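Here is a short report for a reader new to this structure. Please look at the model first.

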Amino acid sequence: MFVTIVLQLVLAVGTVALVIVLLPAVVGLCALYHAGRWGRLYFQILAQVLGLTAGTAQPPPTGQHRHGGEPAYRHYLFGPGRSDLSVLLSRLRTELPADFQATSARIWAVWMIGPLRVEAAVARLIGLIFTYSLVLGTLIAGLVLVLVTVVQIVLGTVLLGVAFAVVFLLRAVDAGLLRVRRIRISCPRCYRAIGYPAYRCPTCAALHRDVRPGPYGVLRRRCRCDQQWLPTLLLLGSHRLTAWCPYPDCGVQLADRSGTATETMVAVLGASNAGKTRLLTVLMLALLNRTGETSVQFADELTGRRLRQLEPALGAGEATRRTLMELPRAYSFYVGPERGTRRLVHLFDPAGERFYDSERLEELQYLRTVNSYLFVIDPLSLGQIWAELEPSLRERYDPLRAERAPEFVFQQVLQNIEAMGVNPEQARLAVVISKADLLTHAGIPTPPPDSASIERWLDDLGMDNLVRSVRHSFGEVCFFVTAAVSSDDGAATGVADLLGWVLAGRR
Amino acid sequence: VNRYRSWRIAFFVIALGSAVVVLGALLLLLAMSFR
């Protein structure tokens, strides 16, 4: 009797111990096993999504350029990172519930199926314990994975924020440096101001319209050809690439190393046959032959090619080819350094006919940003000079004579640039009397080379209205007399002075 | 070629690190609740 009571007590205490201590321990261990299994599964899926495990498929080609975007791969933080996270979460959403269902089905198949009999009660109890452990483990793992995902999102957002800050900082520093160095970039063909040059990939020639730090890279970007890294700022070396006008309706090649020097824009004005192209050719040759500390380089290949086409006519004493009516592309040079930094000089030489018609003149939008104007006056177009010529010379010079009077051209230009919103008082104007050699040949005295004497000479020839108008309109005016033919020493009359005046100009 | 290999390894390391941190924090909370 006593033994039976003791045995029953031991059994009762054992059962209580089993229920209170052993059962939770077993459930806890099983739950931890399931949570650990999910953790392992999570990292396996993550490694597969990121393409880090050997033998797994590579991740999708995220970050490739989209239609309308740049031909470059996006920076990981600006798209592919989010895409990886999204793929990971999507796979977790399908694979973890599938694993839960498979595991619970396995437990039910082993422990919970069969007729309800007393000897099966233990098996059912074990099955219930395993099911409970699975649910508990899933909850623990789910909580941990949610927290891990939140931490990842927070860290990703912080990194993205830092990347944005660096992007804006770099852009601000680069823009600030351009501003401090007074560097402005203009297209030599469409004349519009360029915020930043476009660049072509040196390998595949894909055009990157905006290379600046952004979604495609902070310090550099990878071209879609996957062969080339491109720097994202002038500051970081993008000037070493070939620059292009970023406007889709233009897209011409810009000067080499665009954005590294201050620009000086010089516009040549004058009637057709006034001698603008010839003067410009002599001016450019004088620039190239300039000795001393000044170094001069063609800023693009086209300038050199065009100058080489003009040069033979000058050497042979023939007239240069008539300038075409199309919108002029600038002749571009790098000049310097004599004292300071070098400068990019753009010289614009349009056809004279453009000045006769306001509509065509309006198309010369570079006049909005020009620093210096060269107004070329053909002395043969001045009435008094023409009257003084012998009839035989008149007949000979008639094909060489400017088609329109200088007053007309000047008024046309003045009206149009004022209509463009330009204040001529802030601009410089050189009044250049061309063809001095023809005057000498005709026995007509040319004025002394100083500005005041040339101004008086024009006054005496009845051009006082023009001189007054020029003086009244422009802030700085200087007069020159030139002969666009090379003398024995290789220098053309008055061109050196004119060149000095052009190079002294700065906005 | 895994284009973003370095960034993706960093992603993996961040996930691993954050899992360790979260588990550590949960265990700490559990230990504190039993004290």
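## Ground rules

This is a predicted model: local features need pLDDT of at least 70, side-chain atom pairs count only at pLDDT 80 or more, and totals for chains, interfaces and linings use all residues. Residues are numbered from 1 along each chain as its sequence is written, chains are lettered from A and ligands numbered from 1 in the order in which they are written, and side-chain values use heavy atoms, with hydrogens and water left out.

## Where chain A meets chain B

In chain A, 30 residues are in contact with 18 residues of chain B. Contact means heavy atoms within 4.5 Å. The two chains bury about 2,100 Å² between them, 75% of it on carbon and sulfur atoms. Phe43(A), Leu52(A) and Tyr76(A) lose the most area on the chain A side, together 28% of what that side buries. Buried area is the accessible area (1.4 Å probe) that two parts lose on being put together, summed over both.

One salt bridge is counted between chain A and chain B. Its definition is a side-chain nitrogen of Lys or Arg within 4 Å of a carboxyl oxygen of Asp or Glu. Arg8(B) and Asp84(A) meet in a salt bridge through their side chains (2.6 Å, N to O). Helices α1 (2-49), α2 (80-112) and α3 (121-180) of chain A each supply at least two residues of the side that touches chain B. The largest share, eight residues, comes from α3(A). Helices (H or I, at least four residues) and strands (E, at least two) are DSSP runs, numbered from the N terminus.

## A glycine beside chain B

Gly81(A) lies in helix α2 of chain A. Its relative accessible area is 13%, so Gly81(A) is buried. Buried means under 20% relative accessible area, exposed over 50%, partly exposed in between (1.4 Å probe, protein chains only). Leaving aside neighbours within four places in sequence, Gly81(A) is in contact with Tyr76(A) and Phe11(B).

## A covered strand

Strand β14 (residues 428-433) of chain A is mostly covered: six of its six residues are buried. Arg428(A), Ala430(A) and Val432(A) point one way, and Leu429(A), Val431(A) and Ile433(A) the other.

Strand β14(A) pairs with β13 (residues 372-377) of chain A in the parallel sense, over six bridges. Two strands pair if DSSP finds at least two bridges between them. Ile377(A) has Ile433(A) as its bridge partner. Six bridges also join β14(A) to β15 (residues 476-481) of chain A, again running parallel. There, Arg428(A) stands opposite Glu476(A).

## Salt bridges within chain A

The whole structure holds 14 salt bridges over all chains. One joins the side chains of Arg221(A) and Glu70(A) (2.7 Å, N to O). These two residues are 151 residues apart. Arg221(A) and Glu70(A) are both buried. Another joins Arg471(A) to Glu455(A), with the closest N and O atoms 2.6 Å apart. Arg471(A) counts as partly exposed because its relative accessibility is 37%. Glu455(A) is buried, with a relative accessible area of 16%.

What does Arg329(A) meet in a salt bridge? The partner is Asp300(A) (3.1 Å, N to O). Arg329(A) sits in the loop between α5 (301-315) and β11 (331-336) of chain A. Its relative accessibility is 12%, so Arg329(A) counts as buried. Asp300(A) is buried too, at 4%. The side chain of Arg329(A) also reaches the backbone oxygen of Gln253(A) at 2.8 Å.

Terms used:
Polar contact = N/O pair within 3.5 Å; in protein donor to acceptor, adjacent residues only side chain to side chain.
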